[in-house]
Amino acid sequence: MSHVTPNPAPALLLHDSQRRATVPFQPLDPAHIKVYYCGPTVYDLAHIGNLRAMLTADVLVRLLRTLYPRVTFVRNITDVDDKITARARANGEDIGALTQRTTAEFHQDLASLGVLPPDIEPRATHNIGEMQAMIARLIENGHAYAAQGHVLFSVGSFPSYGALSGRNPDELEAGARVEVAPYKKAPGDFVLWKPSDADQPGWDSPWGRGRPGWHIECSAMSHRYLGDSFDIHGGGSDLLFPHHENERAQSLCCFPHSQFANYWVHNAMLLVEGEKMSKSLGNFLTIRDVLAQAPAEALRLLLLGAHYRSTLNYTQAGLQEARKTLDRFYRALSSVSEVPAVPVPQTVLAALEDDLNTPKAIAELHVLANQAMGGDRDAAGALKAGGALLGLLQDDPAQWFRGDASAEEDAAIESLIAERLAAKKARDFAKADALRDQLQAQGIVLEDTKDGTNWRRA
Ligand SMILES: [Zn+2]
């Protein structure tokens with residue numbers, strides 16, 4: 001008698017900002033999971049605060065791909081924005097050249113951090129028609145109005161406005177941090193379309209030549225690529241209000257029978273040495289600033305060392321600590337003769353299934369590293385597989401310890417080591433010791449084994 005046990009449904013728990021609770025994740029279609037993240041506005045190098053959201057998305061998508069057969073991950077590029085126009089003008093650069101260059105830099109920075117690219121990366125300027133169609137539909141449905149070349153979303157027309165961020169619309173108006181403008185019927189109404197001067201980027205529309213507001217972009221692009229309803233929408237907690245609240249209002253009013261995003265995932269903000277990161281404090285760190293000081297995996301481990309919903313404090317000491325932890329993990333991998341390929345260990349998977357508990361997952365990697373150092377090859381395999389799910393331990397251990405100097409520098413070191421070996425064989429120990437001292441002075445540590453000499457940078 002045979003019986004087939006079906007694979008149990010994954011036990012993924014996620015904190016949903018809208019439900020304000022950690023709940024079991026139930027896909028709309030378990031055969032195809034759909035995820036949308038707000039991407040960068042491309043006018044400058046990405047900073048480590050931007051990176052935290054991209055890294056949270058990366059771990060979430062890697063986990064979903066482990067649990068489900070198909071995942072479509074969409075992350076947009078905002079390539080029309082007044083900050084872009086202003087920067088291009090200040091640089092004396094063409095807008096298209098600026099956005100293209102900055103997009104390429106963004107891609108390079110994320111690739112160096114091992115962040116996997118999205119399946120679809122739509123650009124706002126390639127989706128103006130979709131935005132205009134949604135705006136026209138919102139006007140038709142009575143949720144938007146045109147005034148003085150602008151189109152505004154009427155917040156009062158959508159009773160559930162504020163339900164995502166937990167703000168009540170009256171409170172919002174009383175707060176009055178909203179822009180008061182003559183073309184607005186109510187102060188909380190927000191821009192879907194605005195007029196462009198001749199020297200600003202613009203597109204022809206039924207409301208005159210103009211450009212879209214920021215919020216409508218994500219509603220249009222998520223709809224085009226993921227449909228009326230999709231599983232997860234994510235971003236930094238700074239986007240919860242007004243950006244995500246407005247996206248939700250636009251999409252639900254345009255497609256009243258849809259759900260828009262079924263779960264909302266927001267990561268907390270990042271501090272630098274205990275302070276909010278700002279250009280005026282001089283503690284503003286781009287991804288490149290950090291990569292000039294430490295290997296990419298150290299930055300990645302540091303950022304994953306805090307749960308995504310806790311504030312993360314980036315410190316120099318923390319970066320050094322992360323590097324030491326990776327030294328330890330790589331030492332564990334190199335302590336067995338051959339690391340076998342094994343599935344992701346259950347302990348690491350369970351930690352991530354518990355609302356992406358990355359600190360717990362890293363603690364489980366330490367347990368595996370201890371076992372591997374005791375000679376357990378399977379534990380070394382599990383350490384590598386668990387690390388891979390977090391986008392870590394992707395280097396060859398020998399390469400990790402050598403650092404990322406140029407191939408020529410490495411070749412020069414190798415040739416001194418070969419010379420030393422030849423001196424030893426010729427029993428010229430004075431020369432061999434002198435060569436060792438010379439290497440040591442360059443920060444190279446030698447380790448003689450029966451199979452030859454290993455080396456690493458101290
Ligand atoms: Zn967005």
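Me: Which residues in helix 9 meet helix 10?
Reply: From helix 9 the residues are E297, A298, L299, L301 and L302, and in helix 10 they meet G318, L319, A322, R323, T325, L326 and Y330; contact here means heavy atoms within 4.5 Å. Helices are DSSP runs of H or I with at least four residues, strands are runs of E with at least two, and both are numbered from the N terminus.

Me: And what sort of residues are in that contact, nonpolar, polar or charged?
Reply: The residues of the contact of helix 9 with helix 10 divide into eight nonpolar, two polar and two charged, where Ala, Val, Leu, Ile, Met, Phe, Trp, Tyr, Cys and Pro count as nonpolar, Asp, Glu, Lys and Arg as charged, and the others, Gly among them, as polar.

Me: Before I go on, what kind of model is this?
Reply: This is a predicted model, in which local features need pLDDT of at least 70 and side-chain atom pairs count only at pLDDT 80 or more, while totals for chains, interfaces and linings use all residues. Residues are numbered from 1 along each chain as its sequence is written, and side-chain values use heavy atoms, with hydrogens and water left out.

Me: OK, back to the helices. At what angle do the axes of helix 9 and helix 10 cross?
Reply: The axes of helix 9 (residues 296-304) and helix 10 (residues 316-334) cross at roughly 110° and come within 8 Å; the axes are lines fitted to C-alpha atoms, for helices over the stretch in contact, and angles run from 0 to 180 degrees between N-to-C directions. The two helices are therefore roughly perpendicular to each other, on a scale where angles under 35 degrees count as roughly parallel, over 145 as roughly antiparallel, 65 to 115 as roughly perpendicular and the rest as oblique.

Me: How many residues of helix 9 are buried?
Reply: Nine of the nine residues of helix 9 are buried, so the helix is largely enclosed by the rest of the structure. Buried means under 20% relative accessible area, exposed means over 50%, and partly exposed lies in between, with a 1.4 Å probe and protein chains only. The buried residues of helix 9 include the charged pair E297 and R300.

Me: Switching to E105, is that one buried or exposed?
Reply: E105, which lies in helix 3 (residues 95-112), is buried, with a relative accessible area of 16%. Leaving aside neighbours within four places in sequence, E105 is in contact with L45 and R288.

Me: And K276, where does it lie?
Reply: K276 lies in strand 12 (residues 275-276) and is exposed, with a relative accessible area of 66%. Not counting residues up to four places away in sequence, K276 touches L271, L281 and N283.

Me: Now the backbone. What is phi at Q148?
Reply: Phi of Q148 is near 50°, a positive value in a residue other than glycine. Q148 sits in the loop between strand 5 and strand 6 and counts as exposed, at 57% relative accessibility.

Me: And L356, buried or exposed?
Reply: L356 is buried, with a relative accessible area of 2%, and has a positive phi of about 50° although it is not a glycine. L356 is found in the loop between helix 11 (346-353) and helix 12 (358-373).

Me: Which peptide bond is cis?
Reply: The peptide bond from F241 to P242 is cis, with omega near 0°, and P242 has its place in helix 7 (residues 240-254).
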